[in-house]
Amino acid sequence: MSLVNFLILGAIAGFTIFLGLPIGRLRSKSLRLMSLLNAITIGVLVFLLWDVFSHALEPIDAVLADATAGTSASWLPSIGLVLVFFASVAVGLLSLVAYDRWVARRAEAGSLAAVSGSAPGILRLGEAPSRLAFLIAVGIGLHNFSEGLAIGQSAANGQISLAVVLVIGFGLHNATEGFGITAPLAGQGVRPSWGQLAILGVIGGAPTVVGTLLGSVFVNDVVSMVFLALASGSILYVIVQLLGVARRFGLGYSLYVGMLIGLFAGFATDFVVTAAGV
């Protein structure tokens with residue numbers, strides 16, 4: 001396949017994320033609607049957390065199985081891989097904790113006041129909903145990079161039909177993920193600009209294209225595992241933040257109904273890929 005074809009595959013899978021972004025411009029300030037949107041985001045991210053962990057553990061399970069059937073010396077690579085996995089999850093989680101606190105301190109000190117009131121198109125990282133949307137986009141971007149690696153590797157190995165199915169499945173995933181990114185922005189005092197939504201979409205979707213290109217020339221299960229583990233840590237942090245938001249809204253039926261909607265939406269898109277025999 002040519003470079004252009006790889007770019008097309010990655011772009012189709014990655015930039016369906018833009019389909020869900022307009023939800024962030026909703027003007028409604030209904031607490032019930034905002035609680036429902038927040039809960040749906042939690043459901044989508046819980047599915048992603050499960051999906052990321054299950055794929056990240058595949059190379060570890062394979063190495064552990066080989067070690068069990070081999071000699072004691074074969075356990076060393078297994079232990080090393082497990083340590084890399086733990087370290088990557090910790091970095092993905094704690095780096096966002098450190099970043100979020102750093103931005104919050106700067107915002108409280110007033111150093112981001114000019115950014116918060118600037119022209120449309122700026123991320124406005126000093127505002128709590130914008131900061132949360134940015135962190136969600138970062139976590140999803142790491143996840144999508146690993147998805148891009150899978151697409152690129154499949155196409156590079158001549159498995160074009162598999163690559164196409166992956167593009168369709170991941171594209172459906174990204175459509176729901178775009179909603180998850182901007183749901184915290186819906187119904188806020190200041191509507192996010194189209195420029196701001198575009199930046200969030202690029203952060204979340206562009207890594208799919210980069211991963212596809214890299215996967216087409218470089219195949220390494222450890223690299224894929226590292227990015228999946230980083231994504232799991234960052235997604236875990238965001239879920240905790242969204243649960244805090246949910247507590248402020250109240251823990252009514254909308255929370256649990258919304259979580260089920262998001263969770264079922266994630267599994268439904270995963271079933272599409274599974275039904276195709278991937």
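I began with Phe267, which is partly exposed at a relative accessible area of 22%. I keep in mind that this is a predicted model. The cut-off for buried is under 20%, so Phe267 at 22% falls into the partly exposed class.

Next I checked Trp50. Trp50 is also partly exposed, with a relative accessible area of 42%. Trp50 and Phe267 make a tilted aromatic pair, 5.2 Å centre to centre with 45° between the planes. What does this pair tie together? Trp50 belongs to helix 2 and Phe267 to helix 10 (residues 253–275), so the pair links parts that are 217 residues apart in sequence.

I then searched the whole structure for aromatic pairs and got five. One of them is Phe47 with Trp50, tilted again, with 5.8 Å centre to centre and 40° between the planes. Phe47 and Trp50 sit three residues apart in helix 2, so about one helical turn separates them. Is Phe47 buried or exposed? Phe47 counts as buried, because its relative accessibility is 2%. I noted down Phe47, Trp50 and Phe267 as one aromatic cluster.

**Gly43**

I stayed in helix 2, which covers residues 31–56 and holds Gly43. Gly43 has 2% relative accessibility, so I logged Gly43 as buried. Which residues does Gly43 touch, leaving out those up to four places away in sequence? My list reads Met259, Gly262 and Leu263.

**Helix 3**

Helix 3 runs over residues 58–69, twelve residues in total. From first C-alpha to last, helix 3 reaches 17 Å, close to the 16 Å expected at 1.5 Å a residue. I looked for buried residues in helix 3 and found Pro59, Ile60 and Ala67. Why do they line one face of the helix? Looking down the axis of helix 3, I see the buried residues fall within an arc of 100°, so they share one face. On the other side of helix 3, Thr68 and Ala69 are exposed.

**Ile12**

My last stop was Ile12, in helix 1 (residues 3–14). Ile12 comes out at 45% relative accessibility, so I put Ile12 down as partly exposed. How far apart are Ile12 and Gly205 in space? They are 9.7 Å apart, C-alpha to C-alpha, and 193 residues apart in sequence.

Conventions: Residues numbered from 1 in each chain as written. Predicted model: local features only at pLDDT ≥ 70, side-chain atom pairs only at ≥ 80, totals over all residues. Heavy atoms only, no water. Helix = DSSP H or I, 4+ residues; strand = E, 2+ residues; numbered from the N terminus. Expected span 1.5 Å × (residues − 1). Buried < 20%, exposed > 50% of the residue type's maximum accessible area, 1.4 Å probe, protein only. Arc of directions from axis to C-beta. Contact = heavy atoms within 4.5 Å. Phe/Tyr/Trp six-rings, centres within 6.5 Å; stacked < 30°, edge-to-face > 60°.
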